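Good morning, and thank you for joining. Please look at the sequence and the structure on the screen, and I will then take you through the fold, the ligand site and a few individual residues.

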Amino acid sequence: MVKINENYLKLPGSYLFSEVARRIKVYSDAHPDAKITKLSIGDVTRPLVPAVVEAMHQAVTEMGTTEGFHGYGPEQGYDFLRDVIAQYDYRDRGVDIDPEEIFVSDGAKSDCGNIGDIFGVDNVVAVCDPVYPVYVDTNAMAGRAGEYQEELGRWNKLVYMPCVQENGFTPVPPQEKVDIIYLCFPNNPTGAVASRAQLKAWVDYANENGSVILFDSAYEAFITEDDIPHTIFEIEGARTCAIEFRSFSKTAGFTGTRCAYTVVPKELNRDGASLNKLWNRRQCTKFNGVPYVIQRAAAAVYTPEGREQTRANIAYYQKNAQVIREGLSQAGFTVFGGANAPYIWVKAPHNMGSWDFFDLLLDRAHVATTPGVGFGPSGEGYIRLTAFGDAEATAQAVARIQALAHHK
Ligand code: MLT
């Protein structure tokens, strides 16, 4: 009889965003007249920019010709995309990344989950708390998280680093030795950022302890302050201890188009092995690359028109973030994030729990959010709102929350 991966049986309930979607659907079915504004999952709403659409059209046309047809591409991504990524995302910031260190993929979510394939089961994994649930759940699936403790809402073998108001939602390296460290800045879900000095402390820790930092910088395009690093590789020493994940999802509206990349420096060795080579081996075996048409679309993001147009979309979402942040502050809520990130982290009033606040806003303001506790125990008492909605709908949602706050 076949044996299943029993780690899957230990996973609690459903994936956070599926559970949120389920609850919104239950509410909508029971209240068909309620027009819900979804500021829950961080999914973009602005259409693809003209430069990207044009590049896709051209690539589709090419694919319909004998000369322009592309079959299997390189598993690591086409040079035309890896080269512009290296140039615009790194060299222009004074960071030297070789195109061969860039692996194009179908999403940062997939890469953050799949990267675990190249690490042994016995590593000690540290995550921020609250945390993007993919880091936790994929380690649980791989058997690195131990047992789920329902009453505590945490896994007994993971090291949780509380990210709370007192530490500005940014953790310092732990006293104990950990092997794999997930960091995400600008942060999902709190919207916090890490300074150069804070990241340097992590890089030094990782190099001293032989750890690896898995750095998710999917939201770097939302940084507005000049001195906040956009990539971990701006930090001296990161090339020997860090892997970075990037995505076109939030920067160029690719959540439904799917394209991202992961940077694994050639100097990153552990246990006598090159992690760049291991990841290359993993990708060549399990992944057949991102479609040619999509990679052409992603490359168009770096053209002068593409850059200008995507910057305008980002500015649109940044304005939403400001509307949410300021609107909820004015209504008396304690609000974090939203200044360098598309996420706004809001404290529930009167010591309410996250799910109760979620239910209240859904029922009384018709605004769907994500309960903070879904991201980890330290998220209890918070909800997360995203800035990726339609501007008018977002402003109206904020006005309804304000009316609710004033009414209470
Ligand atoms: C989120 O809402 O946290 C993200 O959009 C989910 C994701 O990127 O997978």
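This is a predicted model: local features need pLDDT of at least 70, side-chain atom pairs count only at pLDDT 80 or more; totals for chains, interfaces and linings use all residues.

The protein has 13 helices and 17 strands, where helices (H or I, at least four residues) and strands (E, at least two) are DSSP runs numbered from the N terminus. Its radius of gyration is 21 Å, close to the 22 Å from the globule rule for 408 residues, so the protein is as compact as a globular protein of that length. That radius is taken over C-alpha atoms, and the globule rule is 2.2 Å times the number of residues to the power 0.38.

Residues are numbered from 1 along each chain as its sequence is written, and side-chain values use heavy atoms, with hydrogens and water left out.

Along the principal axes, the C-alpha atoms fill a box of roughly 65 × 55 × 50 Å. Of the 408 residues, 54% count as buried; buried means under 20% relative accessible area, exposed means over 50%, and partly exposed lies in between (1.4 Å probe, protein chains only). Among contacts with a separation of 6 or more, 74% come from residues 24 or more positions apart, a contact being heavy atoms within 4.5 Å.

Let us turn to the ligand. Which residues are around the ligand? They are Phe-17, Ile-41, Gly-42, Lys-109, Tyr-132, Asn-188, Tyr-219, Lys-250, Tyr-343 and Arg-384, with a residue counted as near if one of its heavy atoms lies within 4 Å. By class, this shell has 5 nonpolar, 2 polar and 3 charged residues. Here Ala, Val, Leu, Ile, Met, Phe, Trp, Tyr, Cys and Pro count as nonpolar, Asp, Glu, Lys and Arg as charged, and the others, Gly among them, as polar.

Three of these residues deserve mention for their distances to ligand oxygen atoms. For Arg-384, a side-chain N or O atom lies 2.7 Å from an oxygen atom of the ligand, and for Lys-250 a polar side-chain atom lies 3.0 Å from a ligand oxygen atom. The protein covers 86% of the 270 Å² of accessible area that the ligand has on its own; such areas come from the Shrake-Rupley method with a 1.4 Å probe, and for residues only the protein chains shown count as cover.

Next, Asp-179, in the loop between β6 (159-162) and β7 (180-184). Is Asp-179 buried or exposed? Asp-179 is buried, at 17% relative accessible area. A polar atom of its side chain lies 2.7 Å from the backbone nitrogen of Val-124, and its side chain makes a polar contact with that of Lys-177 (3.2 Å). A polar contact is a pair of N or O atoms within 3.5 Å; within protein, one must be able to donate a hydrogen and the other to accept it, and residues adjacent in sequence count only if both atoms are side-chain atoms.

Finally, the backbone. A cis peptide bond joins Asn-188 and Pro-189, with omega about 20°, and Asn-188 is one of the residues around the ligand. Another cis peptide bond joins Asp-129 and Pro-130, with omega about 10°. Asp-271, not a glycine, has a positive phi of about 60° and is exposed at 87% relative accessibility.
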